[in-house]
Amino acid sequence: MSSPRSLLIRRARIILPNGESFVGDVLTRDRTIVEVAPEISPATSTIEIDAEGLTLLPGVIDPQVHFREPGLEHKEDLFTASCACAKGGVTSFLEMPNTRPITSTQEALDDKLQRASQKCLVNYGFFIGATAENLPDLVQAKPTCGIKIFMGSMHGQLLVDQDAALEAIFSEGERLIAVHAEDQARIKERRKEFAGIHDPAVHSQIQDNQAALLATQQALRLSKKYQRRLHILHMSTAEEADLLRHDKPSWVTAEVTPQHLLLNTSAYAKIGTLAQMNPPLRSPHDNEVLWQALRDGVIDFIATDHAPHTLEEKAQEYPNTPSGMPGVETSLPLMLTAAMQGKCTVAQVTHWMSQAVAQGYGIPNKGAIAPGYDADLVLVDLNTYRPVLREELLTKCGWSPFEGWNLTGWPVTTIVGGQIVYEKGKVHTQVRGQALTFRH
């Protein structure tokens, strides 16, 4: 029998679950953290990492990504996306159902899990997508992190914008429901109003703040009526943040993306359709209110909504351009750079990107550096700034809306299940993550 695989990280600044930090060592054995202490004596078979001058964080759990497999692999696939995750310090992800075919049945969920087991360098979980017809699957399919409802800005089976269908989904079962909250009726009206305009900046007017607020109000109403666990995806407006500040039951959570914190409608003039996403970028005022809501705990965690499209697709004329942008490689450095600028603390970033996500989705043994937790870790360098360069990106789409931004906190080493998956610019593609489990 082979001896257990051990890893000793030495002299790192360790961010603890309570937000405090100290310089010390972390020992992992097999897939688990076994000791956290000021100094740990190495055993002979232990691999050592000298982390002097670096900061050790729990690996990022990205709770909203679109990795495009199956059916849209020209944009991204599970292998390329998980390589990008490893480089970005993302050790686990939750993936959305709008692939081809859509993930709306047990069979489709099983297919994704099988693909991920063969291709993913990091840990993985998948949403089951709601349609107007698949209520039995939504109640029974497993393992899944939750039900995804597109209330708007979607077409085909995954658009669920009828009151009766929404009522049925909220009233049956107990599983977490995550909503893309935009009001489809308002979007359709405003598309007519702004028809013929090809400036991508009009996207933020068509799918305006009111469209987001109306849908979030409806989801909150249904959640309260049925006491149903609700998560509001990629919250983008000041109005939604104010709504939740005054009316947020204990079973409701919300997330925000780095782009809705750090980009706004001024980005259209600089990067055109690369700034187009759903829900759209908002005003600088929205940026500020979202930041405050995040710091105050009104918004619970960070997700990227990594949604890649090719540059060729993005080069079409609006409104024929697809919405979405990549994000898993830049999210942690973006947030750590914001911490260095005084917008928040490193401990808060760790909480929003790891611990709170694990709590929100009931993922056991993830999101903290403590004995008994899984050895999903990332060592970052907070002393060095480097720009986001297109040629260094591992996402298959090969671009970033943050290109040229000078960031700190880039991962130096990423560890998944006690195995080094990324180290000093090199991805170890033989490492495989595991399927996540969820306490429901």
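Tutor: Ala, Val, Leu, Ile, Met, Phe, Trp, Tyr, Cys and Pro count as nonpolar, Asp, Glu, Lys and Arg as charged, and the others, including Gly, as polar. The model is predicted, so local features require pLDDT of at least 70 and side-chain atom pairs 80 or more, while totals for chains, interfaces and linings use all residues. Numbering starts from 1 along each chain, and side-chain values use heavy atoms, without hydrogens and water.

Student: How many residues of the lining of the second largest pocket are charged?

Tutor: A pocket is an open set of points on a 1 Å grid over the protein atoms alone, where a 1.4 Å probe fits, with protein on both sides within 12 Å along at least five of seven lines; lining residues have an atom within 4 Å of a point. Here the lining comprises 13 residues, with Leu262, Ala338, Gln341, Lys343 and Trp405 nearest the centre. By class, 7 are nonpolar, 4 are polar, and the number charged is 2.

Student: How many polar residues line the largest pocket?

Tutor: The lining of the largest pocket has 41 residues, and Ser153, Met154, His155, Asn278 and Ser323 lie nearest its centre. Besides 14 nonpolar and 6 charged residues, the polar count is 21.
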